[in-house]
Amino acid sequence: MSRRRLQVAFDTAGSRASGIGHVLRSLSLAERVRRTGARVTLVGSIASTPMASMSLPRTVAPPDVLVVDRPDTTGDLLRRRHERWPLARIVVLDYYGPAMDGIVAVVNLNEGRERTHRVRPAGYRLGLEYATLRRSFQERRRQRRTVPSRVRRIVVAFGGTDPSGWTAAAVEALRAVSATASIDVLSGRPLAARLSSGDARVTVHVSLRDPAALLQRSDLAVIGGGTMMIEAACLGLPAIIIPRTPEERVFARQFTRAGAVRLLQPRAAFPAGALRREAARLLDDRQARLRMRRAGRRLVDGRGAERVARLIVRAGGMAA
């Protein structure tokens with residue numbers, strides 16, 4: 001008698017406003033889980049994101065394992081999912097709320113937030129070794145990359161819409177610091193129109209699906225404290241981090257302590273002066289950037305997706 005296929009559903013969400021980091025992570029995990037022979041489907045909708053064409057088949061039968069990876073995960077949401085599929089074993093990514101029925105595994109990356117939130121099911125995992133990145137980052141990580149004596153290429157990213165206007169402010173600050181370095185800006189289409197600087201050194205990449213190649217070619221990043229901070233560390237890209245939320249501020253401290261990033265704390269306004277000073281220090285300090293590169297690669301090894309996929313399959317009672 002043939003063994004029934006494990007049914008794994010991914011409950012993910014994203015939008016131009018909230019970002020698509022959770023969607024990208026779910027798609028990467030889904031690819032790996034599918035390779036084990038499981039049937040992988042989707043709960044929720046990602047139609048409003050640039051990744052809509054990569055969506056998974058919709059869930060039509062009760063799943064054996066429900067993987068919840070959303071920017072809006074709460075205890076109430078998990079309770080509703082358990083009521084809908086009472087037999088499903090729930091695996092949650094980035095959840096710092098109370099324990100509840102149905103949860104068999106929690107994977108958290110933000111050690112700082114974990115100090116005040118205690119969720120400890122049997123399948124609990126904590127740390128950046130579980131950071132889930134796309135396969136392209138593993139491939140780029142294996143490529144040899146030298147650290148130049150002077151920064152030649154800087155990447156800037158603060159979200160596709162960036163309502164705060166930090167992207168433009170960062171570009172302006174960096175243009176004032178260096179007359180030679182090129183600046184690559186990652187943005188969504190609504191933002192791109194506002195970033196036309198007339199400077200040939202500034203290139204705007206609209207809705208770039210996979211930034212791995214661009215990050216691997218860059219010498220310095222100026223970004224927020226979310227998914228791209230993890231991606232930069234994996235590739236050994238030195239980064240100046242300007243957190244956009246309290247959660248990002250806490251998360252970035254892990255990278256700061258490890259020596260992988262330089263952290264700036266925004267106050268009432270974008271810290272343009274602090275960015276100019278920090279960027280000026282790093283532009284010609286090859287040894288500092290080399291230390292940051294090594295620290296980032298030690299912190300994030302790029303194999304987190306494999307570890308989380310095995311955890312998901314084990315939750316379904318199968319050996320990875």
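Guide: A residue is called buried when its relative accessible area is under 20%, exposed when that area is over 50%, and partly exposed in between (1.4 Å probe, protein chains only). The model is predicted, so local features need pLDDT of at least 70 and side-chain atom pairs count only at pLDDT 80 or more, while totals for chains, interfaces and linings use all residues. Residues are numbered from 1 along each chain as its sequence is written, and side-chain values use heavy atoms, with hydrogens and water left out.

Visitor: In which order do the strands of the open, parallel sheet lie?

Guide: The secondary structure comes to 12 helices and 12 strands, taken as DSSP runs numbered from the N terminus (H or I over at least four residues for helices, E over at least two for strands). Two strands pair if DSSP finds at least two bridges between them, and β8 (residues 182–187) pairs with β9 in the parallel sense over 5 bridges. The open sheet holds 6 strands, in the order β9-β8-β7-β10-β11-β12.

Visitor: Which edge strands does this sheet have?

Guide: An edge strand here pairs on one side only. Neighbouring strands of the sheet are turned by 20 degrees against each other on average, direction ignored, where axes are lines fitted to C-alpha atoms (for helices over the stretch in contact) and angles run from 0 to 180 degrees between N-to-C directions. The edge strands are β9 (202–206) and β12 (261–263).

Visitor: At about what angle to β11 does helix α10 run?

Guide: Helix α5 (residues 166–177) lies across β7, β8, β9 and β10, running at about 175 degrees to β8. Helix α10 (residues 272–283) lies across β7, β10, β11 and β12, and its angle to β11 is about 165 degrees.

Visitor: Are the rings of Phe 158 and Trp 166 stacked or edge-to-face?

Guide: Rings of Phe, Tyr and Trp (its six-membered ring) pair if their centres lie within 6.5 Å, with planes under 30 degrees apart counting as stacked, over 60 as edge-to-face and the rest as tilted. A search of the whole structure finds 4 aromatic pairs. For Phe 158 and Trp 166 the centres are 5.8 Å apart and the planes at 80 degrees, so the pair is edge-to-face.

Visitor: With which side chain does the side chain of Glu 248 make a polar contact?

Guide: Glu 248 lies in helix α9 (residues 246–258) and counts as buried because its relative accessibility is 11%. A polar contact is a pair of N or O atoms within 3.5 Å; within protein, one must be able to donate a hydrogen and the other to accept it, and residues adjacent in sequence count only if both atoms are side-chain atoms. At 2.8 Å, the side chain that Glu 248 contacts in this way is that of Arg 244.

Visitor: Near what value is phi of Asp 94?

Guide: Most residues other than glycine have a negative phi. Asp 94, in the loop between β4 (89–93) and β5 (103–108), is partly exposed with a relative accessible area of 25%. Its phi has a positive value, near 60 degrees.

Conventions
Contact = heavy atoms within 4.5 Å.
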